[in-house]
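Trainee: Could we go through this model together? I would like to cover its strands, salt bridges and a pocket.

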Amino acid sequence: MRFFSFSFLVYVVLMSSAALADARLSAANNMLLKQLKLINLVEPAPAYQKHMTQLASTIVTEKQFELIEADIVDFWSRHQIKTHSTEASKVNDLLVRVMSLEPKINDYLQLQNRLSHLQWLTEQNQWQRIRVEGLIRPGMQSATLPAIATRLSLLGDGTANAVELDVFEDDLVNIVKRFQRRHGLTPDGIIGPDTMKWLNMAPSQRATILARSFIQKSTFMSQRDDRFLVINIPAFEMELINDGRVELESRVIVGKPFRQTPLLSSAISNVVINPSWRVPKKILYNDLLPQVRKDGSYIEQREFDVFDRQGNRVIKSAEQWRDLAFGPFPFRFVQRPGVNNTLGRYKFYFPNDFSVYLHDTADPNLFNQSYRALSSGCIRIENVEGLANWMAANLVKDKQTWVDRHVNRDKTQWFALNSTLNVHLVYWTAWIDKDNLAQFRNDIYQKQSISDGKPPSIAQINSL
């Protein structure tokens, strides 16, 4: 039997305690470094870079920590995001104090894991451009398939079973489809320019897009009430949030790049069944009059009434309307309610300076397209019946008239609400989804400048 002296046992305990203390300091160091990397991606600044350089070379000291703590607290405070504790500065444990600096954000850990992986990929410096000629369809051969498969694996979308990938077969096709879904592309398994654009994007650029969008969304969510409607424009998606959970969602159509849906916050104050459509001047001159010049009967075919500036209805022949459309046109168009109305069955009105609103559509097939920046600025909703039914059940005052008006498609009826529903039109090009996958979308309005290296202002970040 081996016996140990008391002094040796004390030595072991002290060494164990020292090792534990060192491990806690190291953990605190790593947590600080990760958080600073995130913050620096969002707002590149010399102060953050100096802190990271110090943390990468040595364990943080108390004095260094106080400077870092002040900068981190300032960042989250300016973005109106709460951290885990404001009392931890009184605790004499650096790891606890570092943990208290982390933001109270859903998916923060998942975000940090993805950023760490993307930053590791950046450090490997092996992200060379993959060039593809034409399209690679399932069943085709291509010398670039091994490189594409490797890249998909590095991005976490799956690993193809075949060792030698000289034919584009099912395993790799399914991985490509998963990748396409994560980037808002049509999941057809065909490798083309859009898929290659995302495959060739540098990991550092991905990390910046994800970090900035994540903070934008977190800042937004920190200021919301319990019930609201949010439309993410580049995602072409709408969600109804009620008591902190998604109660209803839908694909949407938003404005074209040259007729952008504005970013705004308002509140839905009325719902209209069988709306008429008062055509805005810009749409009248840019879209409708060119059609009338081709065929004057377009007005009657599309069920428009025409009014002069005094509000009197004007009736003319198709030939007369065609001729008038070539000159000054002092008239306005109003499309009658009905099955052919551009706004469809429902219109959800909210006051704003841009004359935009949510509505149904007479062309539901457009929702099958992956790229849905197709409107003149208003938002068309695919699941419009779902939203209308929710509004009827929760907010509409006169429920009996609501039921009665569904019988007739030709009569317009405005409905008042018991209370308004806040609506927010936002612009997030990346986020962590409910399955913990990093989702990315195209910057359809070119609102983001990632590659210029310049730190964005707080106003720019919060407005995206």
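Mentor: The discussion below takes these topics in turn.

Mentor: This is a predicted model, in which local features need pLDDT of at least 70, side-chain atom pairs count only at pLDDT 80 or more, and totals for chains, interfaces and linings use all residues. Residues are numbered from 1 along each chain as its sequence is written, and side-chain values use heavy atoms, with hydrogens and water left out.

Trainee: How do β1 and strand β2 pair?

Mentor: β1 and β2 (residues 237-242) are antiparallel, with six bridges. Strands are DSSP runs of E with at least two residues, helices are runs of H or I with at least four, and both are numbered from the N terminus. Two strands count as paired if DSSP finds at least two bridges between them. V230 has E239 in β2 as its bridge partner.

Trainee: What about the hairpin of β1 and β2, which residue takes a positive phi there?

Mentor: F236 does, with a phi near 55°, and the hairpin has four residues between the strands.

Trainee: And how does β2 run relative to β3?

Mentor: β2 and β3 run antiparallel and are joined by six bridges. M238 is partnered by S250 in β3. These strands also form a hairpin, with two residues between them, and D243 in the turn has a positive phi of about 55°.

Trainee: Back to β1. Is I231 buried or exposed?

Mentor: I231, which is found in strand β1 (residues 227-232), is buried, with a relative accessible area of 0%. Buried means under 20% relative accessible area, exposed over 50%, and partly exposed in between, with a 1.4 Å probe and protein chains only.

Trainee: Which residues does I231 touch?

Mentor: Not counting residues up to four places away in sequence, I231 touches E237, M238, V252, L358, I379, V423, H424, L425 and V426. Contact here means heavy atoms within 4.5 Å.

Trainee: Changing topic, how many salt bridges does the structure hold?

Mentor: The structure holds 14 salt bridges, each defined as a side-chain nitrogen of Lys or Arg within 4 Å of a carboxyl oxygen of Asp or Glu. One of them joins the side chains of R182 and D157, at 2.8 Å from N to O.

Trainee: Which parts does that pair tie together?

Mentor: R182 lies in helix α7 and D157 in the loop between α6 (145-154) and α7, so the pair links parts that are 25 residues apart in sequence. Both R182 and D157 are buried.

Trainee: And D170, where is that found?

Mentor: D170 is found in helix α7 (residues 170-182). At 59% relative accessibility, D170 counts as exposed.

Trainee: Which residue forms a salt bridge with D287?

Mentor: R259 does, and the closest N and O atoms are 2.5 Å apart. R259 lies in the loop between β3 (245-255) and β4, and D287 in helix α10, so this pair ties together parts 28 residues apart in sequence. R259 is buried, with a relative accessible area of 11%, whereas D287 is partly exposed at 26%.

Trainee: Which residues are linked in a network of salt bridges?

Mentor: E300, D305, R313 and R336 are linked in such a network.

Trainee: Finally, what is the volume of the second largest pocket?

Mentor: The volume is about 700 Å³. The elements giving two or more residues to the lining are α10 (281-294) and β10 (373-375), and α10 gives the most, with four residues.

Trainee: How are those terms defined?

Mentor: On a 1 Å grid over the protein atoms alone, a cavity is a set of points where a 1.4 Å probe fits but cannot get out, while a pocket is an open set with protein on both sides within 12 Å along at least five of seven lines; lining residues have an atom within 4 Å of a point. Grid points are joined across faces, edges and corners, and a volume is the space filled by probe spheres set on the points.
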